[in-house]
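Could you have this one open while you read?

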Amino acid sequence: MRYLFNANPLIIITAPIIYSLIVPLLLLDLFAFLYQAVCFPVYKVQKIKRSDYIVIDRHKLGYLNIFEKINCIYCGYANGLLSYVGELASMTEQFWCPVKHARKVKNPHDRYWDFIDYGDADAYIGNLKEQQNKVKKL
């Protein structure tokens, strides 16, 4: 309880807003699962393991109090889920539209650097199948 009494009141006031995101996160998780389960097999795109992205283990650290442990569970889930969904999106992008943007993109996913240069129609026509094969189950 000392943790709560010593906390900045604004942190306590904003906590419900932060934790209210659990509802859209759970919905995102459900829809991402359905998306991969239904669409990836149709396009023969290799499935990715959700557990490679969502790692919840910091709550086991003995030096954390109960509130910190709950925060660690939440952050591990939220950030892991967003990474997982980002990977699903990057694989989808590589399959359907592996073309770099005309403008600079801040912090693009790892697959982006192998995409076809913007405006290079010949490379797009010649390399689309190769790009798709990179995410397919071969």
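1. Ground rules first. This is a predicted model, in which local features need pLDDT of at least 70 and side-chain atom pairs count only at pLDDT 80 or more, while totals for chains, interfaces and linings use all residues. Residues are numbered from 1 along each chain as its sequence is written, and side-chain values use heavy atoms, with hydrogens and water left out.

2. Start with helix α3 (residues 22–43) and helix α4 (residues 66–96), which pack at about 30 degrees with their axes 10 Å apart. Helices (H or I, at least four residues) and strands (E, at least two) are DSSP runs, numbered from the N terminus. Axes are lines fitted to C-alpha atoms, for helices over the stretch in contact, and angles run from 0 to 180 degrees between N-to-C directions. α3 and α4 are therefore roughly parallel to each other; angles under 35 degrees count as roughly parallel, over 145 as roughly antiparallel, 65 to 115 as roughly perpendicular and the rest as oblique.

3. What is that contact made of? On the α3 side, the residues include Ile22, Leu25, Phe33 and Tyr43; on the α4 side, they include Tyr74, Leu81, Met91 and Trp96. Contact means heavy atoms within 4.5 Å. By class there are 20 nonpolar, 2 polar and 1 charged residues here, where Ala, Val, Leu, Ile, Met, Phe, Trp, Tyr, Cys and Pro count as nonpolar, Asp, Glu, Lys and Arg as charged, and the others, Gly among them, as polar.

4. Now α4 against helix α5 (residues 121–133): the angle is about 140 degrees and the axes are 7 Å apart. That makes α4 oblique to α5. Gln94, Phe95 and Trp96 of α4 meet Tyr124, Leu128, Gln131 and Gln132 of α5, a set with 4 nonpolar, 3 polar and no charged residues.

5. A search of the whole structure turns up 1 cavity of 30 Å³ or more. On a 1 Å grid over the protein atoms alone, a cavity is a set of points where a 1.4 Å probe fits but cannot get out, and a pocket is an open set with protein on both sides within 12 Å along at least five of seven lines; lining residues have an atom within 4 Å of a point. Grid points are joined across faces, edges and corners, and a volume is the space filled by probe spheres set on the points. Tyr35, Phe40, Tyr43, Val45, Thr92, Phe95 and Trp96 line the largest cavity, with α3 and α4 each supplying at least two residues.

6. The largest pocket holds about 330 Å³. Its lining has 14 residues, and Tyr3, Ile11, Ala15, Tyr19 and Asn71 are the closest to its centre. Which helix gives the largest share of that lining? α2 does, with 6 residues. The lining divides into 12 nonpolar, 2 polar and no charged residues.

7. Two backbone spots to look at. Lys44, in the loop between α3 and α4, has phi near 60 degrees, a positive value in a residue other than glycine. Asn107, in the loop between α4 and α5, also has a positive phi, near 55 degrees.
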